[in-house]
Every structure is written in C-alpha cells, then in structure tokens.
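I opened this model to look up its salt bridges, one of its helices and its surface. My notes follow.

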Amino acid sequence: MALLPFDVMADLQESRQTFDAFIAAPRTKELIEEAIAIMADSMRAGGKVISAGNGGSMCDALHFAEELSGRYRDDRPALAAIAICDPSHLTCVGNDYGFDYIFSRFIEGVGAKGDVLLGISTSGNSRNIIEACRASKDKGMKTICLLGKDGGKLKHDNLCDVPIVVPHMGYADRIQEVHTTIIHIFIRGLEALLVPQAQAQA
C-alpha cells in the first residue's frame, strides 16, 4: 500500500478542532435556533426557503432543499424548499448578465415577500451570494447565511439577517464539514417545529 503524502490523523484532528471552535464561538446555539425559527415561521405562513451556493456550497444548498422537499429521517409531508441549480437558468443569466447575478435574478423572479434565502459562502465574500441577499431584501425576504473564516462582507457589511460563521481560516473543506452538520440541524429543527411527532414517525 502506497503511503499518503499527508497524515490522515492530522486531518481528522483538524476537522475536530474546527467543530470545537465553532461550538465555542459566541451565540452559536442562539443563531442556529434563530435561523430555524425564521424558516419555520416562513413555511407556516405559506412561504419557502430558497438556498444557493457555489461549487461544494451548491451541493450543500441542494442537500438542504432535497432533504426538506423529499425525506430526511422519517416519513412526513414535504416542506417548501428549493435550491437555485437549474443549469439553463445559471448559464442563461451568467451569459447575459454575468456570474454575479445568477442567484439574484432567480430571487427576482421566484422569491416572494415572506420567503427566506439560505446563502452559503465559505469565504463570506461570494459576489453572487451578496447580490442574492440584496435582491432578497428588496423582496421583503429574510436572509440566513452559512459562512466561514471571519464571515467576510456578508457578515461585516450586515448583508444577511442571521450570519452563522465557522471561524476557520484554512481550506474550505473543513468549513463545509461544519456547514453539513448545521444543515442537518436545520432540517431536524424544521421537522420538529412543523410536523407533529406522530406524523413524522408514521
């Protein structure tokens, strides 16, 4: 067996340290609970959550939406969530308006007052997520962002209502690992608030 050019245990330790730093950060629990409450209130009122991200973060946005409209742990009614991922939309807007507007253009057309945007950016500086947050505010939507590093412009320029930051300054993969766990907690929380327990376990 060929030896790897890196220490597997060091990777596992770094992942654990990233989780520990996020858990220890100020208001971690409160921000996650606030985000869940905002999304649940929207869905109760007939709204939806629209998720968006780039690259691996788009995969996270898709994962979030499909677990809600499809199934997470138990059978229950579908919940209203959609990820911005249609290739024809993305390439049309990217070609005609520029990559910075692939998400905001979708929000302009599909978003409605009372909906929620879940934006995901490991740097906190993704221009198209910034534009999506601006378009969401124009629509009267709440914005929740999963971020990394120091939160970037999305946090420091107050572009999202609930910034949840994984304080890791290294590669994005460690941040994405924590984002996946947050997404699972979001889904569990929404199911707990919106679906009667007996129905959720039917």
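I started in helix α2 (residues 28-44), where R44 and D41 both lie, 3 residues apart, or about one turn of the helix. The model is predicted, so I treat every distance here as computed. R44 and D41 form a salt bridge, with 2.8 Å between the closest N and O atoms. I checked the cover on D41: its relative accessibility is 48%, so D41 counts as partly exposed.

Next I looked up K48 and D115. Their side chains meet in a salt bridge, 2.6 Å from N to O. What does this pair tie together? K48 is in the loop between α2 and β1, and D115 is in the loop between α5 and β3, so the bridge ties together parts that are 67 residues apart in sequence. The cut-off for buried is under 20%. D115 is buried, with a relative accessible area of 3%.

I moved on to helix α6. R127 forms a salt bridge with E131, and their closest N and O atoms are 3.0 Å apart. The two residues are separated by about one helical turn, because they are 4 residues apart in α6. R127 counts as partly exposed at 36% relative accessibility, whereas E131 is buried at 11% relative accessible area.

I also noted a network: salt bridges that share partners join D11, E14, R174 and E177. How many salt bridges are found in the whole structure? The search gives 13.

I then turned to helix α5 (residues 102-110). Which of its residues are buried? I listed I102, F103, S104, F106 and I107. I followed their packing and found six elements written down: the strands β1 (49-53), β2 (81-83) and β3 (116-121), and the helices α3 (56-69), α4 (87-96) and α6 (127-139). Helix α6, which holds R127 and E131, is thus one of the elements that the buried residues of α5 pack against.

L4, F6, V8, M9 and L12 make a nonpolar surface patch of about 490 Å². I picked out F6 from this patch. F6 is in the segment before α1 (8-24). With a relative accessible area of 45%, F6 is partly exposed.

Note on methods:
Residues numbered from 1 in each chain as written. Predicted model: local features only at pLDDT ≥ 70, side-chain atom pairs only at ≥ 80, totals over all residues. Heavy atoms only, no water. Buried < 20%, exposed > 50% of the residue type's maximum accessible area, 1.4 Å probe, protein only. Contact = heavy atoms within 4.5 Å. Patch = residues over 30% accessible without salt bridge, like charges linked within 9 Å, V, L, I, M, F, W, Y side chains within 5 Å. Areas by Shrake-Rupley, 256 points an atom, 1.4 Å probe, with all protein chains shown as cover. Salt bridge = Lys/Arg side-chain N within 4 Å of Asp/Glu carboxyl O.
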